[in-house]
Amino acid sequence: MRNRLRVLRAERDWSQAELAGRLSVSRQTVNAIENERYDPSLPLAFAIARVFALRIEDVFKPEAEPPPVPAAPPE
Amino acid sequence: MPSDPPARSRIDSGPFWFTISALGSLGGVWLSDSVFQRYTNPPPRGHAVVLAGLTLIFLAGLAAWKLARAGLYSWLLPLAAINLVLLRPGRSGDVGSWRLEWGVMGLAWTLAAVLVFARLLRRSDELERRLHLEGAFVGLGSGLVAAVVYALFENRLPELRAQWVAVWLLLSWWVGFLLHARLYRWRT
């Protein structure tokens with residue numbers, strides 16, 4: 001899973017420790033997520049999106065985009 | 001972007017408090033044993049040695065508490081292994097009429113340690129819990145393999161003691177934790 005944590009954090013001038021405090025996790029967990037070593041659980045991913053006031057898909061992106069859904073055939 | 005606080009200083013690190021606690025336990029038990037194994041009713045000089053031993057054990061407890069307070073829970077695993085060796089549950093046979101009391105005390109300490117560790121793990125965050133889960137899997141998996149290997153050569157090996165199994169599980173859990181911590185760049 002790709003994420004924009006580092007960029008979003010830089011935009012708000014937050015340190016990893018500050019973000020970790022807002023999320024009630026350790027700084028090391030923020031570091032592991034930011035370096036894409038660890039994919040957070042769904043509740044933590046929602047919490048991350050919430051602290052940046054964004055939607056979850058604006059923070060996290062899948063490695064490969066899912067294939068487009070084929071259009072329904074005309075009747 | 002503001003910089004993060006520097007990593008823990010050497011004086012406030014896991015290895016430092018672990019070393020203090022391990023040396024305190026080893027020294028304290030050695031000093032106390034040196035008196036109690038020689039005398040039933042220790043002389044005044046013996047009292048001073050026992051007091052020094054108890055002080056070291058108190059220091060060891062303090063260092064373990066510092067580890068827990070700093071959230072360095074993984075270091076409690078090798079510490080538990082060392083103390084399990086020192087506790088010597090098999091020693092109950094050596095102390096005659098105190099056999100039952102010694103056994104109950106060992107069991108009470110072990111139960112307390114397990115409950116405290118479970119409580120600490122509940123307070124840790126999801127990645128640290130995951131690291132412990134993966135570490136515990138390494139511990140159980142390696143214990144299973146070691147048990148089967150032991151069964152193969154049972155006739156040629158010394159009799160297996162439950163204490164060794166517990167120490168093996170604790171240490172391999174810790175090693176598993178450390179290996180996975182490197183994977184996630186988690187500083188211990």
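Helices, as the word is used here, are DSSP runs of H or I that span at least four residues and are numbered from the N terminus. In this predicted model, chain B reads α-α-α-α-α-α along its sequence, with six helices and zero strands in its secondary structure.

**Packing within chain B**
- Chain B has 188 residues, of which 22% count as buried.
- Where contacts in chain B join residues at least 6 apart in sequence, 72% of them link residues at least 24 apart.

**The largest nonpolar core**
- The largest nonpolar core has 38 residues, and those with the most contacts inside it are B:Leu67, B:Trp75, B:Leu76, B:Leu77 and B:Leu79.
- At least two residues of this core come from each of helices H1 (5-12), H2 (16-23) and H3 (27-34) of chain A, and likewise from each of H1 (14-36), H2 (44-69), H3 (76-87), H5 (126-152) and H6 (162-183) of chain B.
- Leaving aside residues up to four places away in sequence, B:Leu67 touches B:Gly14, B:Trp17, B:Phe18, B:Leu72, B:Trp75 and B:Leu76.

**Helix H3 of chain B**
- H3(B) has 12 residues and reaches 16 Å from its first C-alpha to its last, which is close to the 16 Å expected at 1.5 Å a residue.
- The buried residues of H3(B) are B:Leu76, B:Leu77, B:Leu79, B:Ala80, B:Ala81, B:Ile82 and B:Asn83.

**Where chain A meets chain B**
- In the contact between the two chains, 18 residues of chain A meet 13 residues of chain B.
- On the side of chain A that touches chain B, the elements giving two or more residues are H1, H2 and H3 of chain A, and H3(A) gives the most, with five residues.
- By class, that side of chain A has six nonpolar, eight polar and four charged residues.

Terms used. Residues are numbered from 1 along each chain as its sequence is written. Chains are lettered from A and ligands numbered from 1 in the order in which they are written. This is a predicted model: local features need pLDDT of at least 70, side-chain atom pairs count only at pLDDT 80 or more; totals for chains, interfaces and linings use all residues. A residue is buried if 20 or more other C-beta atoms lie within 10 Å of its own, exposed if 12 or fewer, and partly exposed in between; C-beta atoms are placed from the backbone. Two residues are in contact if their C-beta atoms, placed from the backbone, lie within 7 Å. A nonpolar core is a set of buried Ala, Val, Leu, Ile, Met, Phe, Trp, Tyr and Cys residues joined through C-beta atoms within 7 Å. The expected span of a helix is 1.5 Å times one less than its number of residues. Ala, Val, Leu, Ile, Met, Phe, Trp, Tyr, Cys and Pro count as nonpolar, Asp, Glu, Lys and Arg as charged, and the others, Gly among them, as polar.
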